[in-house]
Amino acid sequence: MAKKRKQVEVVSEATKKEEIAPPRPKRTLIGWKDKVDDRDSDSPIFRNKEKVLVTCSRRIPYRKLKDLYLWMAKCPNGPSVKFLVNAVHTMEELKLTGNHLKGSRPLLTFTTNFDKAPHWKLLKELIMQIFGTPKDHRKAKPYHDHVFAFSIVDDHIWFRNYQISVPHNETDKVDRGGLDKMTLVEVGPRFCLNPVKVFGGSFGGPTLYENPFYVSPNQIRALEKKKKAGKYAKKIKAKTRRKMHELSNPLEPDEFADLWKE
């Protein structure tokens, strides 16, 4: 006798999708409820959705006239820092020979002074988050050809931009051992950041640090005006003293004063 075949249950594709697909989260006015974060997922690619917003005051020229203040803030909870920007030199003024690609990723370098005080550590973290390229960014190039250098001198942060110059041979490839011969060529621009205050919130909040060596540029200009006013007053006093001396000590009449007159 022939054996009976086992009956196989046919499962439709719709039921498979229902079993495999996760339940859809509920949508609220704020956003998706119980949304899974990209960091918690098992996917190897992490997409950083944070962006840097750069704004400036209205009618600001490309060359700064008097005072230029720069804010760096982590929104919406802070912290934030207020800087006074000094010694701004554009690439046209410097006429440097360096050059690098527009969309390439920069290397960030910091001096050891940033690890000595807590407020310098905080500023270092802010600079890294602002100028650093996010991981796996779709517009980032897979190589580095320039360096952003941040150094602390006289309680100021000095910025320099350098191109990584590598020697090439005739076949337009890097020579063996050419990495040891790499040089840095300055591209520009240059500027200096003088920290004024560090706040706990975004563009405000409790003051975490205040620079004791900071002097407002308005005070500096007022002192210069006082010095100039003091010089003018000294000149007027000298003139009056000269006139009083001439009146008190008149010259004797000259006998030959009218000799050559007709």
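## Salt bridges in a predicted model

Glu186 is buried, with a relative accessibility of 15%. Since the cut-off for "buried" is under 20% relative accessible area, you can see where that label comes from. Keep in mind as you look around that this model is predicted. Glu186 also takes part in a salt bridge, and the structure holds five salt bridges. Let's visit some of them.

**Glu186 and its partners**
- Glu186 pairs with Arg160 in a salt bridge, and their closest N and O atoms are 3.7 Å apart.
- This pair links distant parts of the chain, with Glu186 sitting in strand S6 (residues 183-186) and Arg160 in strand S5 (residues 156-165), 26 residues apart.
- Arg190 joins the story too: salt bridges with shared partners connect Arg160, Glu186 and Arg190 into one network.

**Arg221 and Asp67**
- A salt bridge brings together the side chains of Arg221 and Asp67, at 2.9 Å from N to O.
- Arg221 belongs to helix H4 (residues 217-248), while Asp67 is in the loop between helix H1 (13-20) and strand S1 (68-73), so the pair ties together parts that are 154 residues apart in sequence.
- Arg221 is partly exposed, at 27% relative accessibility.
- Asp67 is partly exposed as well, with a relative accessible area of 31%.

**Lys124 and Asp115**
- Here the side chains of Lys124 and Asp115 meet in a salt bridge, with 3.6 Å from N to O.
- Asp115 has a relative accessible area of 45%, which makes this residue partly exposed.

Methods: Residues numbered from 1 in each chain as written. Predicted model: local features only at pLDDT ≥ 70, side-chain atom pairs only at ≥ 80, totals over all residues. Heavy atoms only, no water. Salt bridge = Lys/Arg side-chain N within 4 Å of Asp/Glu carboxyl O. Helix = DSSP H or I, 4+ residues; strand = E, 2+ residues; numbered from the N terminus. Buried < 20%, exposed > 50% of the residue type's maximum accessible area, 1.4 Å probe, protein only.
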